[in-house]
Amino acid sequence: MERILGLDVGDKWIGVAVSDDLLMMAQPVCTLERVSNKKTYEEIYEMILEYKVDTVVVGLPKNMNNTIGPQAEKVVKFSEKLKNKYKVEIVYIDERMTTLSAERVLIEGNVRRENRKKYVDKIAATYILQTHLDILRRNNA
């Protein structure tokens, strides 16, 4: 069975999450440092192959008034290249509150401030992917 990959795409870091085989739960995988686009695309492609992914859910950082700003345009450009390069379906999920939610989880878990950055992107990716999985489940109920 195919799994789904979730990405929280930033300028410096990309959080990665993957679904379980039943498409019920999102699990954090890692945070990729964007050293170069070539290397980043290759690392994502390795995960696409490893997890047998045909759909990638990407967090779209919309403005609070629901418009698409420069950051969201960068994310779309990155994602469209991923789609064309590896023939995966791209699904965008509004991610306006995911980083805040991820930060809150880390604070509640008593993770020290200096250590939070290591985890926040992959937890945000997990929120993004879980949102999509929940929508899929509701639509198939």
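Colleague: What does lysine 74 count as, going by relative accessibility?

Modeller: This is a predicted model, where local features need pLDDT of at least 70, side-chain atom pairs count only at pLDDT 80 or more, and totals for chains, interfaces and linings use all residues. Residues are numbered from 1 along each chain as its sequence is written, and side-chain values use heavy atoms, with hydrogens and water left out. Buried means under 20% relative accessible area, exposed means over 50%, and partly exposed lies in between (1.4 Å probe, protein chains only). Lysine 74 has 44% relative accessibility, so the label is partly exposed.

Colleague: Which residue forms a salt bridge with lysine 74?

Modeller: A salt bridge needs a side-chain nitrogen of Lys or Arg within 4 Å of a carboxyl oxygen of Asp or Glu. Here the closest N and O atoms are 3.3 Å apart. The partner of lysine 74 is aspartate 11.

Colleague: How many residues apart in sequence are the parts that this pair of aspartate 11 and lysine 74 ties together?

Modeller: Helices (H or I, at least four residues) and strands (E, at least two) are DSSP runs, numbered from the N terminus. Aspartate 11 forms its salt bridge with lysine 74. Aspartate 11 sits in the loop between strand E1 (3-9) and strand E2 (13-19), and lysine 74 in helix H2 (residues 70-86), so the distance in sequence between the parts is 63 residues.

Colleague: How many salt bridges does the structure hold?

Modeller: Side chains of opposite charge can pair when their charged atoms come close. The pair of aspartate 11 and lysine 74 is one example. The count for the structure is seven.

Colleague: Which helix holds both lysine 38 and glutamate 42?

Modeller: Their side chains meet in a salt bridge, 2.7 Å from N to O. Lysine 38 is exposed at 60% relative accessibility, while glutamate 42 is partly exposed at 36%. The two are four residues apart, about one turn of the helix, and that helix is H1 (residues 37-50).

Colleague: What is the N to O distance between glutamate 80 and lysine 83?

Modeller: Both lie in helix H2, three residues apart, about one turn of the helix. Glutamate 80 is partly exposed at 27%, and lysine 83 is partly exposed at 33%. Their side chains meet in a salt bridge with an N to O distance of 3.6 Å.

Colleague: Is glutamate 95 buried or exposed?

Modeller: Glutamate 95 lies in the loop between strand E5 (89-94) and helix H3 (98-108). Contact means heavy atoms within 4.5 Å. Neighbours within four places in sequence aside, glutamate 95 contacts Asp8, Gly59, Leu60, Pro61 and Ile128. At 10% relative accessibility, glutamate 95 is buried.

Colleague: Which residues is aspartate 121 in contact with, leaving aside its neighbours within four places in sequence?

Modeller: Aspartate 121 belongs to helix H4 (residues 113-140). Its relative accessibility is 9%, so aspartate 121 counts as buried. Its contacts are Asp8, Trp13, Gly15 and Thr31.

Colleague: What separation lies between the C-alpha atoms of methionine 24 and aspartate 134?

Modeller: Methionine 24 is in the loop between E2 and strand E3 (26-33), and is partly exposed at 37%. Beyond its neighbours within four places in sequence, methionine 24 touches Gln130, Leu133 and Arg137. Methionine 24 and aspartate 134 are 110 residues apart along the chain, yet their C-alpha atoms are separated by 7.5 Å.

Colleague: What is the phi of lysine 87?

Modeller: Lysine 87 sits in the loop between H2 and E5. It is exposed, with a relative accessible area of 68%. Lysine 87 is not a glycine, but its phi is positive, about 55 degrees.

Colleague: Where is lysine 52 found?

Modeller: Lysine 52 also has a positive phi of about 55 degrees without being a glycine. Its relative accessibility is 53%, so lysine 52 counts as exposed. Its place is the loop between H1 and strand E4 (53-60).

Colleague: What is the radius of gyration of the chain?

Modeller: The chain has four helices and five strands, running β-β-β-α-β-α-β-α-α from the N terminus. The globule rule gives 14 Å for 141 residues, and the chain comes close to it, so it is as compact as a globular protein of that length. The radius is taken over C-alpha atoms, and the rule is 2.2 Å times the number of residues to the power 0.38. For the chain, the radius of gyration is 14 Å.

Colleague: What share of the 141 residues is buried?

Modeller: The C-alpha atoms fill a box of roughly 40 × 40 × 35 Å along the principal axes. Among contacts with a separation of 6 or more, 61% join residues 24 or more positions apart. The buried share is 43%.
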